[in-house]
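Hi,

Here is the model I promised to send over. Have a look at it first, and my notes follow below.

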Amino acid sequence: MPKKIMVVEDTPDLLQHVTDFLTMEGYDVEPCSNGHDAYRKLAYSKPDLIITDLLMPKLDGFALIEKIKQDKTMQHIPVAIFSAKPPHENEARALSLNVQAFIKKPCSLDDLHEIVKSILDK
Amino acid sequence: MRIHHWLCILFCLELLFSCNRASSSGKLSAEFSYAVMVPDIVIVHAGMALFQPDFEVERITGTQPISILLGAFVCLLVLSAVVMVFALRKSRAYRELNKRHEALLITNKEFAAANEELKYTNQKLEDAHVKIAEQTQTILRQKDEQLNRVLDSSQDIIWSIDLTGAGKHYISRSATQVLGDNVRGELLIDAIYWQHLVLEEDWPLKEEALRNVSLDGYAECTYRIRTADDGYQWLFEKMHVVDDENGMPLRQEGIIVDITNQKKAEEIILRYQQQIDIIFSNTQENIVLMDFTGKVLLFNKAFEYFAEAVTGVRPVVGKYIWDITTKDRREVSQRLFQEALEGKLIKTTAVFYMQDNAIYHSVRYEPIISDGKTTHVAIIASDITQLKEQENILRESEANLKAIFDNTRDSFTLLSPDYTIIAFNKANFQNVLLRTNKELRTGVNLLEYIDEDRRSAFTYLLERVENGEMISYEANLQNGGLEAAWFKITISQVRSAEGKLFGYCIEAHDINEQKEFEGTLTAIARELSSLIENANVPIFGIDQHGKINEWNRVSAELTGFSRTEMIGRDWITNLLEPEYHEVVTAIMKDALSGVPVSNFELPVLSRKKQKISLLLSVSPRKDAEHKIVGATIVGQNITELIEYKQNLERMVYDRTRELNEALQKEKELVEMKSKFVSIASHEFRTPLSSISLASGFIKKYKQKITPEEVDKRLDNIEKQVGHMTHLLDDVLLIGKTEAGKLVVHPSEVDIADTFERLKNEIEQSTGNTHTIRLHIDSIEGSVNTDEKLIRTMVINLLTNAVKFSPGASYVDLFVTADYNKLAIGVKDYGIGIPEQDIKNLFEPFYRASNAADVEGTGLGLSIIKKALDLLRGYVDIKSVIGQGTEITIVIPLEHA
């Protein structure tokens, strides 16, 4: 059974690219256009990994992560941040929220794959 | 015989004639008559016989018959004649007489011749006898009158009360004066003893006398009777009882003497005596009386105490006076007594020692001389110790004063009220004062020493002093003709302790040194004063109450207040603003209590109400006794300095502010740039990510995907590159404005042409999804502005309007231009902008919360804002969610 990955990204092209790639690699991908969309879907679908952008309309990445971490039914789900923001600006906050990885935009498919695999293999 | 009868008749007549007179006179006449001749019969007047019971008729008449004559004169004559005849015949004496007559007749015959001669002689003798009788009668009458006058004029009362019951009482007329007329009358009738007049308390005395007189036949008493004026009179009464030959009381007789005066004198003497006794025993003076041997006869209490206390000997009458005094005074006492005995009055001072204290007595030995002989000596001594002590003190004090008086350098001359010199001291310049070479002498009138021409002036001065003035003046006088010298001369009244004018005192004090010192001081003061006056800083002085008493030239120049204006005024209230009053008052209080205050800055108000900043120092001013009398305030005008300082401060402040602003701007710019860079990099990373992932996907799965798939990815890559280019342009544009590199290039812009082209351009670039409706409302065909900036702004506005109204078919473009401004409005009918986002719309890369799904860099409005800033224009946004947005920009038009 393929691993289920939720991708949260407000830029439609980028979301498409990531979804396409991960699907090609054999993952069950749940694309979400913003944090709000993601949180709504999490209510009935629990992924193995959540990859989320930070700057998004409606509900941004950090707010989403905080909601996830506060919910006992999903706080165990590993989260990877996928953002153009430099990590040092958010590192402290990310660490406090127990984020698994920080994927910096732009990144290559291999890099993305490598990180996803490492998280899911744990 | 005839002669005898005749003589008898004569005798009777004589007796008759004298019957009205006093009994003694009757007796005298009878005896006289008998001596001349022996009558044949004696006729005695009845009244006389009654009142002269001791008239020894028988003794005189012998055996001759006695006939008592009663009745009136004529009857008596007749009766006498009858009785005479009868008596002549019957009496034995008559017969004897007859015998002698017969014998005589016989003799007569014998001596007939002689008889004749005798007859003649007898006749002569008769004549002489008549004469004698007449003379005798006259004398007797005179004597009786005198006696009556004596009795009546006597003050004494003679009374006689008949005890036989015959009621023949007598009381002399003088009783009328003493007892009153009524009493005399009553006495004569009733023989009462005027009891009602006698003072009640004295009646027993009189009563006892009356008792005694009835027992012993004699008594006397002293008593008082009341007088008409309610006073009393003292009476002395002597009384006795006259008995008859049988011892039977005939009458009670008495004499009353008024002894009031005597009694009163006695009373006075008694009172004096008592007073003298009191004085004698109570006087402080010691009084001793001695006889001529020196034996003490009498001494008073004071002497007794004194003698006991000082000599230890108790004075006793009979002792010698020198045995009572102290041993060392014994000889002296004896000597002085002897001298007094010789009749000298001796005054001396005696000193006694009692427990080491000297007691001084002033002692007088007074001889008491009687009949030219000293019978007694009295010593009168009084204690003058206190007087002596005072005298000693006075003498000492006088000596001291004299020493001072003589040794003082000042000259004193004491004058009596008539300007006579009473005293003067040894100071040697009286002569200088008086301008005379004469030697001063006491007792000489001072005016004599004064030149005539100055005399009236000097007298005038003294008169002023007499009227209560004290004259004091300084005079420059020639001293001994050598050099002028200064004197201070004071003339004042001298009064006794009782306030009586005693005279005048002229005092002269050499004030040369003082004058010289004053001169030096004045010079110094003048110099100092000039120094202060001409100092180039404001200097002023105040007294203890803060009133200005010094005000130099610079003070006047600086404040505009002259010295005359400021002297006497309070400097705090007159020169300072109210807000400084309290603090300066405190500073001045310190200064006036001796604490100098330095360098305090104070704005002083000038006449023109200008503030002059002074840097002041206050130091206390002290007088010669180092008593603080005020303060000196030295200032420094620092108004310019202050202004300069303030300007400098202002400049520094301005610069600092400018710098701070620049710094802030720079900081903001840096921050903005950093933020911009950060945001820009993020904005670039997103399309880069797309490009990276798309290219990577093609590369990785080119074998697995369809050529359409590949094209789709490639298109996407192209699109991302375009977006990045657009983004880069905007970023560069903003960078330019930020760096100030964008400059306004105004040019004539044709409104219709420009906006028509823009309309078509945008319609095309947005894929003709919307029609742009152009509305131009302008009088001017063209405006002078920067076309490029207008284009940039309008493109951004129109693009946004199209982008955010996806369902609408048109947007409106309004262009309004007048002489002053160009207004461009773009209105869409799209999604609208949430209110909370409007304020942030002009931030670079800010995008409204509902704009996420719409492509955009977030720099459009930011660029518009920058462009408007350059053109000094403004923007206005009106927006309603779901209905659309209208953004209007207004650009002012500048004319050359």
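Predicted model: local features only at pLDDT ≥ 70, side-chain atom pairs only at ≥ 80, totals over all residues.

**What I found**

Helix α1 (residues 12–24) of chain A and helix α23 (residues 707–738) of chain B have axes that come within 12 Å and cross at roughly 145 degrees. The crossing of α1(A) and α23(B) is left-handed. On the α1(A) side the contact uses D13(A), Q16(A), H17(A) and D20(A), and α23(B) brings R713(B), N716(B), K719(B) and Q720(B). By type, that makes four polar and four charged residues, with no nonpolar ones.

Next, D53(A). An unreviewed UniProt entry lists D53(A) under "modified residue: 4-aspartylphosphate". In the model, D53(A) is in the loop between β3 (49–52) and α3 (61–70) of chain A. Its relative accessibility is 2%, so D53(A) counts as buried. Leaving out residues up to four places away in sequence, D53(A) touches V8(A), E9(A), D10(A), G61(A), F82(A), S83(A) and K105(A).

Then there is a sheet in chain B. Five strands form an open, antiparallel sheet in the order β9-β8-β12-β11-β10. β9 (296–299) and β10 (346–354) of chain B each have a single partner strand, so one side of each lacks a neighbour in the sheet. The twist averages 25 degrees from one strand to the next. β10(B) is joined to β11 (residues 357–370) of chain B by nine bridges, and V351(B) stands opposite Y360(B) in β11(B). Helix α13 (residues 327–341) of chain B packs on this sheet, touching β8, β10, β11 and β12 of chain B, at about 165 degrees to the direction of β10(B). Helix α14 (residues 385–407) of chain B lies across β10, β11 and β12 of chain B, at about 120 degrees to β11(B).

Cheers

Methods
Residues numbered from 1 in each chain as written. Chains lettered and ligands numbered in written order. Heavy atoms only, no water. Axes fitted to C-alpha atoms, helices over the stretch in contact; angles between N-to-C directions. Helix = DSSP H or I, 4+ residues; strand = E, 2+ residues; numbered from the N terminus. Left-handed = near helix turned anticlockwise from the far one by under 90°. Contact = heavy atoms within 4.5 Å. Nonpolar A, V, L, I, M, F, W, Y, C, P; charged D, E, K, R; others polar. UniProt positions renumbered as here; feature names shortened; annotations may be inferred. Buried < 20%, exposed > 50% of the residue type's maximum accessible area, 1.4 Å probe, protein only. Pairing = 2+ DSSP bridges.
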